[in-house]
Amino acid sequence: MKAPLAENRAGVRKGNEMTQPVEMVEVWRGEFLESRHRGHAVICDAQGNIVQAWGDPDAVILPRSSAKMIQALPLVESGAADAFGLGVDRLALSCASHQGAPIHTDMVQTWLGELGLGDDAFRCGAEVPRDTETKHAMIRADGSPCQWHNNCSGKHSGFLTLTRHLGAGPEYVDPGHPVQLAVREAFEDVTGMDSPGFGIDGCSAPNFATTVHGLARAMGFFAGADIDGGSTRERAAARLRDAMRTFPELVAGEGRACTELMRAMDGRVALKTGAEAVFVAMLPEQKLGIALKIVDGATRASECAIASLLVKLGALDPNHPATLKRMNAPVRNWRGIETGIIRPAEALR
C-alpha cells in the first residue's frame, strides 16, 4: 500500500512534523572545524519499515542516478531482457553511471548493433568520456564524443531494448512514452508512494521524485528480493541487484566509490550513487536498504556518509583502503602535507 508519509524510528506517523537535516560529515583543517555537511538518511528493512533515520525521512528529493536499478525494472520484468538475450553484464550496465572507458562503451556499441541501431537512436546526449585515458586519446586524435560515451548510455540501451520490445516510438525519454510510464509505475510501487513529480535528468530522461524514506523503502525491497521466488517484480529486482554486485566495474569504473566499495565488501552489497550527493545501498544478507541525501550536493560528503553507515552496519571494514579513501580521509595540500581530515560527524559515529 502506498504511503505518502514516512514513519519515525518507533513506527509512528509523523504527520506534518518536519525535521531539519543533521550534520553528517565534518571537514577539519588542523584543529579547526572548517566545513560541515548536513543531510538526511534512512535505513529500511525489506518491509519498508524505518530501522534508523537521521534528519527528515519525509524530505522530498530527486534520486538522480541512484534510481537506475528502479528504472531498469521494466526492462527485466517485461521479458525484454530475456527476449534480447541480455546477460548479467548488460543488466549491470543498465544500472550504471559509467566512466566511458572501453569496458563500458564497447559493450554499449555491441548492444546497439544487435538492436540494429546507431548512436543517433540515443536521446542521452554526447559526453566527453570521464575515463582519463580514453579522454586523452580522444583529444590526441582530435576526436569528438558520441552519445555512447555518455555515462548513462547503458541505461539508455536498456530503454531502447524495452522500446523495441514494446513496439513503441523512438522518443523514449518523453514522460508520456510507454517506457517512462512503465518506469513511473515501478518507481511508485517500490517506493510505496505516489511521486509528486519529476525533473529532467542530465541524460534527458524524467527523474521521478520521492522522499528519502521512499527511496530507502525501495532499496529495502531490492535487498530482500528473492531471485528464486516471489513476484515477477521481486525476481527482476534480485537479478538487477545481483548483476550490480557481480560486475561492480561496470556500474561505475576504476577509482569510483561505487566500484571500489562494492569490491571492498566482496560483492555482498550493491551500491549506487546519484548526482547532487545522493547514495543508496542494498544489503541482501541483512535485508536492509539505505538512502541518503546531502543537502548541499557535495559528493565528498555523500561518499563519507555512505561508508560510515556501511561500517556502522558491519558490512564494510573501517580499515579497508577503499573506506579510508572516503571516511576519515586525510586532506592534503599540493606538497602532499596532511592539512586536515574528512570524517563522519557525531551523528554517524
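Are Phe159 and Tyr172 buried or exposed? Both Phe159 and Tyr172 are buried. Please keep in mind that this is a predicted model. Phe159 is a handy place to start, as this residue belongs to an aromatic pair and also lines the largest cavity.

**Aromatic pairs**

- In total, the structure holds four aromatic pairs.
- One of them joins Phe159 and Tyr172 in a tilted arrangement, with 5.9 Å centre to centre and 55° between the planes.
- That pair links distant parts of the chain: Phe159 sits in helix α7 (residues 153-166), while Tyr172 lies in the loop between α7 and α8 (178-191), 13 residues apart.
- Phe187 and Phe208 make another tilted pair, at 6.1 Å centre to centre and with 45° between the planes.
- Here too, distant parts of the chain are linked, since Phe187 belongs to helix α8 and Phe208 to strand β6 (residues 206-208), 21 residues apart.
- Phe187 and Phe208 are both buried.
- Ring pairs also bring in Phe198, giving a cluster of Phe187, Phe198 and Phe208.

**The cavity**

- You will find one cavity of 30 Å³ or more in the structure.
- The largest cavity has a volume of about 40 Å³.
- Its lining is made up of Gln71, Ala72, Leu75, Ser94, Lys155, Gly158, Phe159 and Leu162.
- Helix α7 gives the most to this lining, with four residues.
- Sorted by class, the lining has four nonpolar, three polar and one charged residues.

Notes:
Residues numbered from 1 in each chain as written. Predicted model: local features only at pLDDT ≥ 70, side-chain atom pairs only at ≥ 80, totals over all residues. Heavy atoms only, no water. Phe/Tyr/Trp six-rings, centres within 6.5 Å; stacked < 30°, edge-to-face > 60°. Helix = DSSP H or I, 4+ residues; strand = E, 2+ residues; numbered from the N terminus. Buried < 20%, exposed > 50% of the residue type's maximum accessible area, 1.4 Å probe, protein only. 1 Å grid on protein atoms, 1.4 Å probe; cavity = no way out; pocket = protein on both sides within 12 Å on 5 of 7 lines; lining within 4 Å. Points joined across faces, edges and corners; volume = space filled by probe spheres on them. Nonpolar A, V, L, I, M, F, W, Y, C, P; charged D, E, K, R; others polar.
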